[in-house]
Amino acid sequence: IPEKNYYTLVTLGMITHKMRCPEGIPNRLELAIRLPADWELDNIRERWYWPIRWLRLLARIPKMENTRFEHGHTMDNCRNLTESSQIRGFAFHRPGEEASAVDLSKGELFDVLCLIPIYEGELAYATNCDTEELFRRMDETMRLGPVDMERRNVCE
């Protein structure tokens with residue numbers, strides 16, 4: 001991405017929980033989301049606060065539900081994230097090999113997955129067809145750049 005003018009919010013502490021994973025898949029994880037530089041991080045209105053709320057909520061799920069998140073998984077909010085947006089859920093995306101499978105001091109691996117906010121149609125496509133194809137339909141800015149609540153829906 002040519003311009004890296006954004007915030008990156010990252011969970012802290014998810015890696016303390018070891019997820020049950022198949023051999024070769026990192027069993028520890030942190031989540032991240034990229035927000036534009038003009039995002040009002042100290043504003044508690046839902047329009048601005050939802051990324052923090054969702055990171056906190058999602059960070060608890062693997063331990064509470066004895067499950068895991070992986071690249072390509074999706075999460076449905078069952079309604080739009082905010083009143084002013086048609087964004088409905090998230091896709092979990094590995095931002096690149098340099099950010100995945102990081103070696104901890106004990107020789108264990110952990111992964112970093114970014115949350116990509118997605119529309120209802122994109123969520124349905126990813127769930128029913130193929131998340132990788134959804135990612136291919138998105139340009140690099142949609143996958144790797146900061147959240148754009150007004151971006152085009154790639155499944156329309």
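1. A pocket, as the word is used here, is an open set of grid points with protein on both sides within 12 Å along at least five of seven lines. The model is predicted, and its largest pocket has a volume of about 330 Å³. The lining of this pocket is made up of P36, D38, W39, R47, W48, T82, S84, S85, V147, D148, M149 and E150. Sorted by class, that lining has five nonpolar, three polar and four charged residues.

2. The second largest pocket has a volume of about 160 Å³. It is lined by 16 residues, and those closest to its centre are T141, M142, G145, P146 and V147. V147 also belongs to the lining of the largest pocket. Which elements each supply at least two residues of the lining of the second largest pocket? They are strand 2 (28-36), strand 6 (109-119) and helix 4 (140-144). Ten of the lining residues are nonpolar, two are polar and four are charged.

3. Is strand 4 mostly covered or mostly open? Strand 4 covers residues 87-93, and seven of its seven residues are buried. Strand 3 (residues 74-76) pairs with strand 4 in the antiparallel sense, over three bridges. Within that pairing, D76 stands opposite G89 of strand 4. Strand 4 is also joined to strand 6, by six bridges, and these two strands run antiparallel as well. I87 has Y119 in strand 6 as its bridge partner. As background, side chains in a regular strand alternate between the two faces of the sheet.

4. Aromatic contacts come next. A pair of aromatic rings is described by the distance of the centres and the angle of the planes. The structure holds five aromatic pairs. One of them is the edge-to-face pair of W39 and W48, with 5.2 Å from centre to centre and 80° between the planes. Both W39 and W48 are buried. The two residues are also among those that line the largest pocket. W39 and W48 belong to one aromatic cluster together with W50, W54 and F90.

5. How are the rings of F69 and F92 arranged, stacked or edge-to-face? Their centres are 4.5 Å apart and their planes stand at 15°, so the pair is stacked. The cut-off for stacked is an angle under 30 degrees between the planes. F69 lies in the loop between helix 1 (46-65) and strand 3, whereas F92 is in strand 4, so the pair ties together parts that are 23 residues apart in sequence. F69 has a relative accessible area of 7% and is therefore buried. F92 is at 0% relative accessibility, so F92 counts as buried too.

6. One is G72, which counts as buried because its relative accessibility is 14%. G72 and L134 are 62 residues apart along the chain, and their C-alpha atoms are separated by 9.4 Å. The other is N66. At a relative accessible area of 43%, N66 is partly exposed.

7. Backbone angles deserve a check at two positions. Most residues other than glycine have a negative phi. N66 has a phi near 50°, a positive value in a residue other than glycine. C78 likewise is not a glycine, and its phi is positive, at about 70°. C78 lies in the loop between strand 3 and strand 4. Is C78 buried or exposed? With a relative accessibility of 57%, C78 counts as exposed, because the term applies over 50%.

8. A last point concerns I25, which is in the loop between strand 1 (6-10) and strand 2. I25 is at 33% relative accessibility and so counts as partly exposed. How many residues separate I25 and F110 in sequence? They are 85 residues apart in sequence, and 8.8 Å apart in space from C-alpha to C-alpha.

Conventions. Residues numbered from 1 in each chain as written. Heavy atoms only, no water. 1 Å grid on protein atoms, 1.4 Å probe; cavity = no way out; pocket = protein on both sides within 12 Å on 5 of 7 lines; lining within 4 Å. Points joined across faces, edges and corners; volume = space filled by probe spheres on them. Nonpolar A, V, L, I, M, F, W, Y, C, P; charged D, E, K, R; others polar. Helix = DSSP H or I, 4+ residues; strand = E, 2+ residues; numbered from the N terminus. Buried < 20%, exposed > 50% of the residue type's maximum accessible area, 1.4 Å probe, protein only. Pairing = 2+ DSSP bridges. Phe/Tyr/Trp six-rings, centres within 6.5 Å; stacked < 30°, edge-to-face > 60°.
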